[in-house]
Amino acid sequence: MSAWSHLAIEIESAINSGIAECYPYAWEENHITHAMLGGIRSAVRGRKLVHGREAVSVEFETYKLDGRYEKNFGDIVFLVNIVRKGQKPILGAAFVEAKRRSLNGLRYPEIRVQQARRILKVAPRAFYVLYDYDFTTRFVSQEGFDPWGINDRRVLKGRTGFAPVAKVLCTPINAALANSYKDVRLYNQALPFTTQLMTRYLCGLDLEYGNDALAVAAGWRENKGLPKQIVRIDVCEDGEEVEASSIPVNVELYRRGE
């Protein structure tokens, strides 16, 4: 059984390996996203993790939009289901729009203000995921909210905790709109993606919980747009069972990943 922090290290390593494989000849958002999600899936699959005195299981499923549709709604949605002992399960959605750094430049040229505003109308907590081929240290902090015991000081002292550099970062879309940046200055309000995933999303933070947002996230609102990728993540304390979701993925439009 692994520590929560050890999984974070493995995910970070898998993401960095995927980035290295894509750069420079396959430096395209869909390729990078596929590599990143594949790395996370391989790291998470079949794992039970220790946090404090409890064990936690994490299940990870990906669904890809089957075919081309006129209206998309972001690149990735993480549908996160959290089941704790003696508590009502919660289901939330993290909306993510992926952007890649330009080759031989500092800009993220595909950031579009109109698209950002459309996403924020449904998902005000939405984030950009910024793909970079260089390591950076210009993020806000390496640490975040910690209910699962990720910030074990003994581990961090031993220099086996979070890597102090990252190639994939997260910044709130509303922050990007506020400062109008479309380049690496976005990193000033960013976290490594692994930190965002492990200490925010999987702990129930920065998620949308409204029924309309969840319906969009699961692919049931074609009029508002369809996410390109849906990632279901179940985080379950030991001994608890995951019930069928009240908002399942629309499998008529999405096919499950391998």
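Buried means under 20% relative accessible area, exposed over 50%, and partly exposed in between, using a 1.4 Å probe and protein chains only. The model is predicted, so local features need pLDDT of at least 70, side-chain atom pairs count only at pLDDT 80 or more, and totals for chains, interfaces and linings use all residues. Residues are numbered from 1 along each chain as its sequence is written, and side-chain values use heavy atoms, without hydrogens and water.

**View A. Tyr23, Trp27 and Tyr133 are joined by aromatic pairs.** Rings of Phe, Tyr and Trp (its six-membered ring) pair if their centres lie within 6.5 Å; planes under 30 degrees apart are stacked, over 60 edge-to-face, and the rest tilted. Tyr23 is partly exposed at 34% relative accessibility, while Trp27 is buried at 6%. Trp27 also pairs edge-to-face with Tyr133, at 5.4 Å and 70 degrees. Trp27 lies in the loop between helices H1 (4–22) and H2 (29–44) and Tyr133 in strand E6, so this pair ties together parts 106 residues apart in sequence. Helices (H or I, at least four residues) and strands (E, at least two) are DSSP runs, numbered from the N terminus.

**View B. Strand E7 (residues 166–172) is largely enclosed by the rest of the structure, because six of its seven residues are buried.** Strands pair if DSSP finds at least two bridges between them. Six bridges join E7 to the antiparallel strand E6 (residues 127–136), where Tyr128 stands opposite Thr171 of E7. E7 also pairs with E8 (residues 191–192), antiparallel, over two bridges.
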